[in-house]
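Reader: I have a model open and I'm new to it. Could you walk me through how to read it?

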Amino acid sequence: MRVLIDCEESKAVCIAFRERGHEAYSCDILPCSGGHPEWHIQDDGLKHLNDGCFIMIAHPTCSHLAVSGARWLTDKHNEIIEALNFVRFLWSAPIEKICIENPVSIISSQIRKPDQIIQPWQFGHGETKKTCQHRRIGMRDRDRDGALTPQAAQCGLPRDAHEHDAPASTSWS
């Protein structure tokens, strides 16, 4: 399956899809920092929405979207409008399955509510940072089977050391 990971220079998501046998490409205006430059398109991602991808995962810059920085956005009306229009453009792409991932942001109040909110600690990381996933039809909830409680993640315990935190029965990937 052909996958576009838009607004990603780290290659982390792209590599994960490649490891599962998909033809995945990251796309960002920045050069890739995670190896495999042959899988990276250094360009404006909006130019590649018609490249025949079946899935797009997009991570638009949160600088003018995240509610965590709202107090610094009082004089940035034009930047906010531009950021929201960018998200709307991604959302309207002619791609069957779309997931736009961003921290808690004004996407939720200005465009649409998230389909799922996840935390890094649910997947083995010690951090807490609510991440919203806004998905088009066909994208299922992120698999939380094997997810950790925040306490287990902080202690570095193995995945099966504690009961799972509300595991889901299916995976979206």
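**Reading the model, feature by feature**

Author: Let's start with Q122, which is found in the loop between strand 6 (116–118) and strand 7 (131–135). Helices (H or I, at least four residues) and strands (E, at least two) are DSSP runs, numbered from the N terminus. This is a predicted model, where local features need pLDDT of at least 70, side-chain atom pairs count only at pLDDT 80 or more, and totals for chains, interfaces and linings use all residues. Residues are numbered from 1 along each chain as its sequence is written, and side-chain values use heavy atoms, with hydrogens and water left out.

Reader: Is Q122 buried or exposed?

Author: Buried means under 20% relative accessible area, exposed over 50%, and partly exposed in between (1.4 Å probe, protein chains only). Q122 counts as buried because its relative accessibility is 4%. A polar atom of the Q122 side chain lies 2.7 Å from the backbone nitrogen of Q119. Across the protein, buried residues make up 39% of the 173 residues.

Reader: How many helices and strands does the protein have?

Author: There are four helices and seven strands. Going from the N terminus, their order is β-α-β-β-β-α-β-α-β-β-α.

Reader: Where is the confidence lowest, and where is it highest?

Author: Look at pLDDT, the predictor's confidence in each residue, from 0 to 100. Helix 4 (residues 150–155) is lowest with a mean of 41, while strand 1 (residues 2–6) is highest at 97. Over residues 144–173 the pLDDT is below 50, and beyond near neighbours in sequence this stretch has 58 contacts in the model. Contact here means heavy atoms within 4.5 Å. For the protein, the mean pLDDT is 82, and 79% of residues reach 70 or more.

Reader: Which residues touch the most other members of the largest nonpolar core?

Author: A nonpolar core is a set of buried Ala, Val, Leu, Ile, Met, Phe, Trp, Tyr and Cys residues joined through side-chain atoms within 4.5 Å. The largest one here has 18 residues, and L49, M56, I95 and I100 touch the most other members. Strand 4 (55–58), helix 2 (77–91) and strand 5 (97–103) are the elements that give two or more residues to this core. Helix 2 supplies the largest share, five residues. Leaving out residues up to four places away in sequence, L49 touches L4, D6, M56, F89, L90, A93, P94 and I95. There's also a second, separate core of nine residues, including V3, I5, I55 and C99.

Reader: What about F54: which residues is it in contact with?

Author: F54 sits in the loop between strand 3 (40–42) and strand 4, and counts as partly exposed because its relative accessibility is 28%. Setting aside neighbours within four places in sequence, F54 is in contact with M1, R2, I95, E96 and K97. F54 and L4 are 50 residues apart in sequence, yet 8.1 Å apart in space, C-alpha to C-alpha.

Reader: And where does I57 lie?

Author: I57 lies in strand 4 and is buried, with a relative accessible area of 1%. Its C-alpha atom is separated by 8.6 Å from that of V13, 44 residues apart along the chain.

Reader: Which ring does the charged end of R18 sit over?

Author: A charge sits over a ring if NZ of Lys or CZ of Arg is within 6 Å of the ring centre and within 35 degrees of the ring normal. The charged end of R18 sits over the ring of Y25, 4.9 Å from its centre. R136 lies over the face of W91, 5.7 Å from the ring centre.

Notes:
Polar contact = N/O pair within 3.5 Å; in protein donor to acceptor, adjacent residues only side chain to side chain.
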